[in-house]
Amino acid sequence: MTGARRLIHAVDIDEDDMFIELHGSLQQVICLHCHAKTPRTHIQTELIRLNPRWAPLLSLDEKELKMNADGDVDLRASLLDTRDSHEYRTFRYPPCPACLNRYGSSSILQVDADGAWKGGTVGIIKPAVIFFGENVSSEMRQLVNNIIDASDQMLIIGTTLAVLSAQRLVRTMKSQGKRIAVLTSGYVRNEETLVHDNDIRIWWKSSDVLKHISYFRKIPP
Ligand SMILES: [Zn+2]
């Protein structure tokens, strides 16, 4: 769970109204052809169905896997059953449901007998996150810039601001002469030029602070 999502849960805000995931979300996958989004839960069910040999690995929980922020997972050799083979080229995935609906099994979208993507030029899916080398869409940039223009302060929690698209938001805020507060126990990229005397810098671990906010909310008034 990201720091921002943890905060939203802690203060009990309606996620749909208040939550913008600048770099997308692993809760969905997106089609590279038609850009339709599909819930990740549906794709996970399909991945397990199409890859019975891999199913035990797909079912491991977060504690057993080292997952990176972009969704990459390191699979330790000890997790693999050595009696079985786990060839990456045998891994199958479902096509985009919207493309499958539209094109069926055709020359531009071929599926195998179980419905896994086999070839063609449409229906290829990927996690709906901005990968390294991709750009945040202009619509998203505009939406976030509008929010910054309408805000008078910014609270920054649990981030290094190492990703430039995130750092740019803070720079925009500062260029408008607005205050920021930064809460994190760690390094912040370009902190010396971002945080000025009238800003607030709190060197606390954001996960500890959010845990306490959750705790206080549970105490009846
Ligand atoms: Zn599609």
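# Close-up views of a predicted model

**View 1. The loop between β1 and β2 contains H35.** The structure is a predicted model, in which local features need pLDDT of at least 70 and side-chain atom pairs count only at pLDDT 80 or more, while totals for chains, interfaces and linings use all residues. Residue numbers start from 1 along each chain as its sequence is written. Helices (H or I, at least four residues) and strands (E, at least two) are DSSP runs numbered from the N terminus. H35 has a phi near 65 degrees, a positive value in a residue other than glycine. H35 counts as exposed because it has 10 C-beta neighbours inside 10 Å.

**View 2. An open sheet of three strands has the order β2-β1-β7, with antiparallel pairing.** Strands are taken to pair if DSSP finds at least two bridges between them. β2 (37-39) and β7 are the edge strands, each pairing on one side only. From one strand to the next, the twist averages 45 degrees. Angles of this kind are taken between N-to-C directions and run from 0 to 180 degrees, with axes as lines fitted to C-alpha atoms (for helices, over the stretch in contact). β1 and β2 run antiparallel and are joined by three bridges; V29 stands opposite T38 in β2. Strand β1 also holds L26, which is partly exposed, with 14 other C-beta atoms within 10 Å. Between L26 and K126 there are 9.6 Å in space, C-alpha to C-alpha, and the two are 100 residues apart in sequence.

**View 3. The largest nonpolar core consists of ten residues: V29, C31, C96, C99, Y103, L109, V111, W117, I125 and A128.** A nonpolar core here is a set of buried Ala, Val, Leu, Ile, Met, Phe, Trp, Tyr and Cys residues joined through C-beta atoms within 7 Å. At least two residues of this core come from each of β1 (24-31), α5 (97-103), β5 (109-111) and β7 (125-129). Another core, of eight residues, lies apart from it and includes M173, V182, L183 and V209. Neighbours within four places in sequence aside, W117 is in contact with Y93, P94, P95, V111, G123 and I124. Contact requires the C-beta atoms of two residues, placed from the backbone, to lie within 7 Å.

**View 4. R92 lies in the loop between β4 (73-74) and α5.** R92 is partly exposed, with 18 other C-beta atoms within 10 Å. Leaving out neighbours within four places in sequence, the contacts of R92 are L50, N51 and A116. R92 and L47, 45 residues apart in sequence, have their C-alpha atoms 7.1 Å apart in space.

**View 5. Strands β8 (residues 153-157) and β9 (residues 179-183) pair in the parallel sense over five bridges.** In this pair, I156 stands opposite V182 in β9. Helix α7 (residues 164-175) carries the chain from β8 to β9 in a right-handed β-α-β crossover. Right-handed means that, with the strands pointing away from the viewer, the path from the first strand over the helix to the second runs clockwise. L161 belongs to the loop between β8 and α7, and its phi is near 55 degrees, a positive value in a residue other than glycine. L161 is buried, having 21 other C-beta atoms within 10 Å. β9 is also joined by three bridges to strand β10 (residues 200-202), the two running parallel. A181 stands opposite I200 in β10.

**View 6. Helix α6 (residues 138-150) lies largely in the open, because the number buried among its 13 residues is zero.** The end C-alpha atoms of α6 are 18 Å apart, which agrees with the 18 Å that its 13 residues should span at 1.5 Å a residue. The expected span is 1.5 Å times one less than the number of residues in the helix.

View 7. Of the 221 residues in the protein chain, 13% are buried. Among contacts between residues at least 6 apart in sequence, 57% join residues at least 24 apart.

Terms used: A residue is buried if 20 or more other C-beta atoms lie within 10 Å of its own, exposed if 12 or fewer, and partly exposed in between; C-beta atoms are placed from the backbone.
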